[in-house]
Amino acid sequence: MSDAEVECQPCDPTPETQELPPSAAAGPGPITDADMEKMPSVCIVIGMAGSGKTSLMQRINAYQHTKGEVPYIVNLDPAVGKLPYEANIDIQDTVNYKEVMKEYNLGPNGGILTAANLFATRFDQVVGLCEKRAADIDHVFVDTPGQIEIFTWSASGAIVTESFASTFPTCVLFVVDTPRAQNPQAFMSNMLQAVSILYKTRLPMVVVFNKIDVVRHEQMLEWMDDFEKFHQVVDQDKSFASDLSRSLSLVLDEFYKTLRRAGVSAMSGEGMEELFDAIGRCRKEYLAEYWPDLRRRKETLKAEDEKRRAEALEKMRRDLKSGGERVVLDMERLKVNEAVSAVDEPAEVEGSELD
């Protein structure tokens, strides 16, 4: 992408995104239950920096090829050096991250955030492309930036999540770095991130323990199933952080009971069947709970909007029937008042200076 293209329009569409299906060009229409059943599952992959999201995407891509499935991957990380897989839609084809930094005089994080925001302004085209391929694919995997807060707590992240969730059965894959999560405090930090994302998006979630070829994840599963075992480990460290982790484990106990878990290895491919099984159960949860709730919320908003329109129309009718007073503007008097005001203003300023 040249400098001129970034200066004129940093978010120019790629040749692929210029050819839109009729649904994308005309705007989103009403989606029925039958339409949603035919849509592929969208999996938004989120995780802390270094958790292995991109490596997991590479493994998922290879796994789908071995199963004879057609992979469809969307990369939303504008700062990744080189993708180890071929993305069907890549933010780097649309927005040049380094040029955005130069253009707006930003640092690395600001550049990533701005690039994501620019891309989000055209995200309806991305949804349209996914809809166009809906008959040929079963899953759409979305790789997000390594800086988790840039996606989860930004306007662009909300646009991406809500756009997908209103069109496709969508779930969140929260990737955990298993070797680092051996520390009770690090484990609790990951769980707090997971619960915050769950309640922000309100989408089905799978906690994916990655790198189990290095460290097994069974200990973390025991901590989630039995908080007393977690307390035994935490009590070995007498500190404020340990006391806080102990208290939080009691709060999150109910959260763990409904949370889907899967252990995978992006290096060896272990656990891929378990992961796709969890994704299938998330799809069922979306169709059974999230989609009906979304339709109810849309109907409620539509009813409220129609009520406001009806009230405004009735008020206008009452005003017309009452034949309100006619208002006639005396333009000559208005001009005189403006002239007087223009003369008085400098005098007031001069007087204030003398005081």
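Reader: Which residues line the largest cavity?
Author: L76, I91, A116, F119, A120, P145, I150, F151, S154, S156, G157 and V160 do. A cavity is a set of points on a 1 Å grid over the protein atoms alone where a 1.4 Å probe fits but cannot get out, and lining residues have an atom within 4 Å of a point. This is a predicted model, where local features need pLDDT of at least 70 and side-chain atom pairs count only at pLDDT 80 or more, while totals for chains, interfaces and linings use all residues. Residues are numbered from 1 along each chain as its sequence is written, and side-chain values use heavy atoms, without hydrogens and water.

Reader: How much space lies in the largest cavity?
Author: About 80 Å³, where the volume is the space filled by probe spheres set on the grid points, joined across faces, edges and corners. The structure has 2 cavities of 30 Å³ or more.

Reader: Which helices supply at least two residues each of that lining?
Author: α7 (108-120), α9 (148-152) and α10 (155-165). Helices are DSSP runs of H or I, at least four residues, numbered from the N terminus.

Reader: How many of the lining residues are nonpolar, polar or charged?
Author: The largest cavity is lined by 9 nonpolar, 3 polar and no charged residues. Ala, Val, Leu, Ile, Met, Phe, Trp, Tyr, Cys and Pro count as nonpolar, Asp, Glu, Lys and Arg as charged, and the others, Gly among them, as polar.

Reader: Back to α7. At what angle do α6 and α7 cross?
Author: Roughly 105°, and the axes of α7 and α6 (residues 97-104) come within 9 Å. Axes are lines fitted to C-alpha atoms over the stretch in contact, and angles run from 0 to 180 degrees between N-to-C directions. α6 and α7 are therefore roughly perpendicular, a label for 65 to 115 degrees.

Reader: Which residues make the contact?
Author: Y97, V100, M101 and Y104 of α6 meet P108, G111, I112, T114, A115 and L118 of α7; contact means heavy atoms within 4.5 Å. They divide into 8 nonpolar, 2 polar and no charged.

Reader: New topic. How do α5 and α16 cross?
Author: The axes of α5 (residues 53-66) and α16 (residues 272-322) cross at roughly 90° and come within 11 Å. That makes α5 roughly perpendicular to α16.

Reader: What residues are in the contact there?
Author: From α5, L56, R59, I60, Y63 and Q64; from α16, M272, E273, L275 and F276. By class, this contact has 6 nonpolar, 1 polar and 2 charged residues.

Conventions: On a 1 Å grid over the protein atoms alone, a cavity is a set of points where a 1.4 Å probe fits but cannot get out, and a pocket is an open set with protein on both sides within 12 Å along at least five of seven lines; lining residues have an atom within 4 Å of a point. Angles under 35 degrees count as roughly parallel, over 145 as roughly antiparallel, 65 to 115 as roughly perpendicular and the rest as oblique.
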